[in-house]
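Visitor: I have a model open and a list of questions. Please tell me what each label rests on.

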Amino acid sequence: MKIELPEKFENRMRKLLGEEFQAFLQGFEEERHGGVRFNSLKLSKEKWEEIAPFAIQGIPWIPNGYYYQLADQPAKHPYYFAGLYYIQEPSAMTPAAMLPVSPGDRVLDVCAAPGGKSTELAAKLQGEGVLVANDISSSRAKALLKNLELFGVKNAVVLSEAPGKLTERFFQYFDKILVDAPCSGEGMFRKSPAIMKNWEQYGVEYYHKLQLEILDAVIPMLKPGGLLLYSTCTFSPEEDEGSLQYVLEHYKEMHVVSSGISYEGFSAARPDWIPDGKEEIKNAIRLWPHKLQGEGHFVSLLQKDGTGSTEDFDGIRTQSLPQLRLTKEAEEFLGRLSLPLPKERLVVREERVYLSPEGIPDLQGLRVMRSGLLLGEMKKNRFEPSQALACALKAEEYDAVCRLEATDEDVIRYLKCETPAARTELPDGFVLVCAGDYPLGWAKAQNGVLKNKYLPGWRLM
């Protein structure tokens with residue numbers, strides 16, 4: 001299908017690319033590429049390749065990324081509802097893949113919704129350290145929260161704030177920061193042609209100004225020695241090399257460094273495309289859709305001078321947890337879990353019980369969508385475990401499990417919030433329903449009949 005590109009965009013790209021322009025233009029007539037990324041919190045690469053429910057082919061520069069055929073419907077399979085994979089455009093996987101996050105790090109994803117990059121950063125943390133995932137839009141932050149819960153993330157704080165409101169609270173707090181900046185979206189014209197209307201309405205300068213405001217807010221939150229990954233999905237030099245130039249001119253302690261990751265389809269950034277562009281900008285990379293199987297992207301890794309450790313943070317005050325008061329029913333249920341639940345990190349807010357991340361500052365005054373893992377709610381004479389807890393568990397971490405084959409019709413009934421067939425072998429009480437070895441949610445058994453407790457807002461339509 002031929003896409004009609006804005007004339008102004010075509011003219012600029014023809015000037016920038018020269019002899020490459022025709023190959024670039026031809027790419028818009030080719031079919032886009034679908035991608036999925038498996039969840040390393042829940043399964044290994046070997047296990048994923050063994051059980052993948054559709055044909056997959058590895059993405060060369062993404063260790064846990066795979067192409068799939070667009071005719072397949074990965075969002076309809078029970079393994080998707082078990083959080084085993086995230087559907088994501090292949091080039092868009094690059095920023096989180098290139099930020100070297102290790103277990104125990106403090107990580108910020110500042111423009112995080114809908115969660116494609118946050119889920120991968122969380123997987124890299126492997127439950128240790130903390131991920132702060134923020135999006136200024138509360139509606140988009142709700143989608144972000146759902147995806148983090150679906151992935152089984154236990155150590156995330158989800159906020160919905162303007163980045164500037166976080167600066168003082170998290171001053172020099174983070175080891176790693178990802179800024180997948182709002183941009184004019186030129187790299188996604190093939191995938192989503194509707195973006196062109198937005199491009200024509202707002203243009204490049206609007207987004208460039210917004211990017212600089214975000215960078216001004218987040219750089220003070222990065223510890224000395226910390227790493228910042230800046231990315232966009234646009235070709236615009238102003239928003240790409242131009243934003244890096246701004247950082248280098250205004251923050252002398254920041255430097256563009258090599259990610260150490262290379263692929264034959266990557267191209268070096270072009271400081272010669274902006275006035276007085278600094279040579280080190282060449283360490284950033286551009287992903288071109290006519291050079292690899294993915295859309296357009298710009299990715300740059302920056303490092304702040306100096307050294308620091310998590311002990312250096314002396315924020316305004318750390319979070320003070322209220323005295324823990326669990327009901328008998330809550331204690332009994334949580335005692336059935338083999339999931340580690342340190343009492344010093346358990347907190348009750350409005351009868352809801354949470355496992356709080358370790359070492360986070362006081363969040364009072366911020367719009368907090370979630371702080372830690374919601375375990376469940378204490379109600380009169382009972383405890384209701386949460387959907388988030390079900391997703392965070394492994395099947396062997398709970399003592400009453402209903403395992404269904406992923407192809408079993410009862411799995412689809414369950415995901416549609418219908419009543420599965422009776423299971424007389426199950427004990428009365430809450431049961432963890434699984435597709436194979438992978439939890440989907442809760443049901444409540446009584447005399448073999450399963451009352452469906454799957455979260456209605458997540459049901460398969």
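Guide: Start with pairing: two strands pair if DSSP finds at least two bridges between them. Helices (H or I, at least four residues) and strands (E, at least two) are DSSP runs, numbered from the N terminus. This is a predicted model: local features need pLDDT of at least 70, side-chain atom pairs count only at pLDDT 80 or more, and totals for chains, interfaces and linings use all residues. Residues are numbered from 1 along each chain as its sequence is written, and side-chain values use heavy atoms, with hydrogens and water left out.

Visitor: What makes E14 and E15 a pair?

Guide: Four bridges join E14 to strand E15 (residues 352-355). Pairing needs at least two, so the two strands pair. They run antiparallel. Leu-346 stands opposite Leu-355 in E15.

Visitor: Why are E14 and E18 said to stand at the edges?

Guide: The open sheet has four strands in the order E14-E15-E17-E18, paired antiparallel. Strand E14 (346-349) and strand E18 (382-385) each have a single partner strand, so one side of each has no neighbour in the sheet. From one strand to the next, the twist averages 25 degrees.

Visitor: How do you know that the chain agrees with a compact globule?

Guide: The radius of gyration is taken over C-alpha atoms, and the globule rule is 2.2 Å times the number of residues to the power 0.38. For 461 residues a compact globule would be near 23 Å; the protein chain has 23 Å, so the value agrees. Its C-alpha atoms fill a box of roughly 75 × 55 × 40 Å along the principal axes. The chain holds twelve helices and 22 strands.

Visitor: Why is Glu-350 called exposed, and what is Gln-126?

Guide: Buried means under 20% relative accessible area, exposed over 50%, partly exposed in between (1.4 Å probe, protein chains only). Glu-350 has 76%, so it is exposed. Gln-126 has 40%, so it is partly exposed. Buried residues make up 57% of the 461 residues in the protein chain.

Visitor: Is the peptide bond from Ala-113 to Pro-114 cis or trans?

Guide: Cis, with omega near 5 degrees. Pro-114 belongs to the loop between strand E5 (106-109) and H6.

Visitor: What makes a space a pocket or a cavity?

Guide: The test uses a 1 Å grid over the protein atoms alone. A cavity is a set of points where a 1.4 Å probe fits but cannot get out. A pocket is an open set with protein on both sides within 12 Å along at least five of seven lines. Lining residues have an atom within 4 Å of a point. Grid points are joined across faces, edges and corners, and a volume is the space filled by probe spheres set on the points.

Visitor: Which residues lie nearest the centre of the largest pocket?

Guide: Ala-113, Pro-114, Arg-140, Asp-180 and Cys-233, among 44 lining residues. The volume of this largest pocket is about 990 Å³. H8 gives the most to its lining, six residues.

Visitor: What lines the largest cavity?

Guide: The lining includes Leu-145, Glu-149, Arg-370 and Ala-388. The volume of the largest cavity is about 70 Å³. H7 gives the largest share of its lining, three residues.

Methods: Axes are lines fitted to C-alpha atoms, for helices over the stretch in contact, and angles run from 0 to 180 degrees between N-to-C directions.
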